[in-house]
Amino acid sequence: MLDDLVARPSAGLAVRCTRALLSPWSRLALLVLVLAGAATTVLLLEPQRLLADGWPQRLSGGGAVVLFGVAYGLCTAAFVPRPLLNLAAGAIFGSQAGLPSALAGTVLGAGISFGLGRVLGQDALRPLLRGRWLKAADGQLSRHGFRSMLAIRLFPGVPFAAANYCAAVSRMGWLPFLLATGLGSVPNTAAYVVAGSRAASPTSPVFLIAMAFIAVSGLGAAAVAWRKRHRLGGRAQEPGASAGPGATGTPPAPVPEPEPDRTA
């Protein structure tokens, strides 16, 4: 009997500790620690030195291309800018081998970030989506995930890591996210890889065309962002949009949660 009385409080304490460790805010804190550790590791290792020092000569062939793709994915999940890695892929392997390695690393890094955000951050952050812009972005990604993410990747105005974690907090599905990332990243990634492969001859037509494409895609991203913001601002100024809850004497109708986009 005494053993049972001692065991029950111990079991209850273990359950409470487990619930606390698995709570949304505990998982979010773990996500912050993981990302801070990854960013610190990047600052210490300085992977951008690949542009200056080159790839180790003892690593060559198909294995080196695969290894670079894995390293690329880990680096993007740790906030290393993709343009630097794309330039390095072209400078080290050329455009033919560098492009598939960079694209594989792009999808891998996006998948890592999306998984971390979905498992560790979604439950804690979704209740905080209360602002007009946050709700609009969440609704767009949740209802039209593939189309929205494809546009984000084609017109890279949103930082890569920010897009990954925003998609993870939304109700967007895994398959649309990865497919849109892979397809939408091809043009911009190819431009940077080609530019990196021809960096030794910056006056060559191929290099100039690649840089022109990068500039045009940046301008296109700015135009798309301005148009989206203007459209959302116009909706907010429509008659009755500024009326607060209960202005007509009746409570507002509940807004259903957006259905996840599970189709490509």
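Which residues of helix 4 are buried? With buried meaning under 20% relative accessible area (1.4 Å probe, protein chains only), they are Ala64, Val65, Phe68, Gly69, Tyr72, Gly73, Cys75, Thr76 and Ala77. The model is a predicted one, in which local features need pLDDT of at least 70 and side-chain atom pairs count only at pLDDT 80 or more, while totals for chains, interfaces and linings use all residues. Residues are numbered from 1 along each chain as its sequence is written, and side-chain values use heavy atoms, with hydrogens and water left out.

Helix 4 covers residues 62–77, and its 16 residues reach 23 Å from the first C-alpha to the last, close to the 22 Å expected at 1.5 Å a residue, where the expected span is 1.5 Å times one less than the number of residues. Helix 4 is followed by Phe79, whose phi is positive, near 75 degrees.

Elsewhere, helix 5 (residues 82–125) and helix 10 (residues 186–197) have axes that come within 10 Å and cross at roughly 50 degrees. Helix 5 is therefore oblique to helix 10, oblique being what remains once angles under 35 degrees count as roughly parallel, over 145 as roughly antiparallel and 65 to 115 as roughly perpendicular.

Taken as a whole, the protein chain has 11 helices and 0 strands, these being DSSP runs (H or I, at least four residues, for helices; E, at least two, for strands) numbered from the N terminus. Of its 264 residues, 33% count as buried.

Conventions: Buried means under 20% relative accessible area, exposed over 50%, partly exposed in between (1.4 Å probe, protein chains only). Axes are lines fitted to C-alpha atoms, for helices over the stretch in contact, and angles run from 0 to 180 degrees between N-to-C directions.
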